[in-house]
Amino acid sequence: MKKKARHKPRKPAGWLERLKASVPTREALAAHPWLRPVAHRVLDPQLWRLQHEAVARGVAIGIFWAFALPFAQIVAAAAHSVWWRANIPVAAGITFITNPFTVGFWLWLAYQVGSLLLDAPPPVHISEGVGVVAWLASFGGPAILGMGLFAVLGSTAGYLLVKLAWRLRVWFKRRHR
């Protein structure tokens, strides 16, 4: 009697292979109960290809939602990518600019920019007998203004930089030929 050989599935070698193996397939996404009603739109191949206009739109959408929304940024970016015909993975990936490790820096910088533009007084100190709500409110207005500016100006700059980089790449390729 012959013994059946058991083969262990081979583990992907590098991080890129592991990432590709962990990403769900189009069929798995189309069969997901939450995505089934909109699968025909979300799984449009144009939203997943690296075309210069779709990538530029994806960068702009990702940067905008990274600064405009403190939570559920990926969901908002993916939904707007479908609406604006942008690259979904690029938009979702760019939202990680503001992640739990960097959000403190971005909020501090947004507060600095906002207080400079509003000519806001220095924030009150909790030791002065004010409550936590008043202390947070003294930071709120300038920080919201700064994050709004980062969202609008950052998305515009990101779009233009991707378009410029893509044109330079094409120009260098043609020149090299």
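Okay, let's start with the cluster: F67, F105, W106, W108 and F150 are joined by ring pairs. A pair here means Phe, Tyr or Trp rings (for Trp, the six-membered one) with centres within 6.5 Å; planes under 30 degrees apart are stacked, over 60 edge-to-face, and the rest tilted.

Quick caveat: this is a predicted model, so local features need pLDDT of at least 70 and side-chain atom pairs 80 or more, while totals for chains, interfaces and linings use all residues. Numbering runs from 1 along each chain as its sequence is written, and side-chain values use heavy atoms, with hydrogens and water left out.

Back to the rings. Searching the whole structure turns up eight aromatic pairs. One of them is F64 with W65, edge-to-face, 5.0 Å between centres and 85 degrees between planes. F67 and W106 also sit edge-to-face, because their centres are 5.0 Å apart and their planes at 80 degrees. F67 is in helix α4 and W106 in helix α7, so that pair ties together parts 39 residues apart in sequence; helices are DSSP runs of H or I, at least four residues, numbered from the N terminus. F67 is buried at 8%, and W106 is partly exposed at 22% (relative accessible area: buried under 20%, exposed over 50%, partly exposed in between; 1.4 Å probe, protein chains only).

Now the loops. Most residues other than glycine have a negative phi. A72, though, has a positive one, about 55 degrees, and lies between α4 and α5. D119 also has a positive phi of about 55 degrees, in the loop between α7 and α8, and is exposed at 68%.

How values were computed. Helix = DSSP H or I, 4+ residues; strand = E, 2+ residues; numbered from the N terminus.
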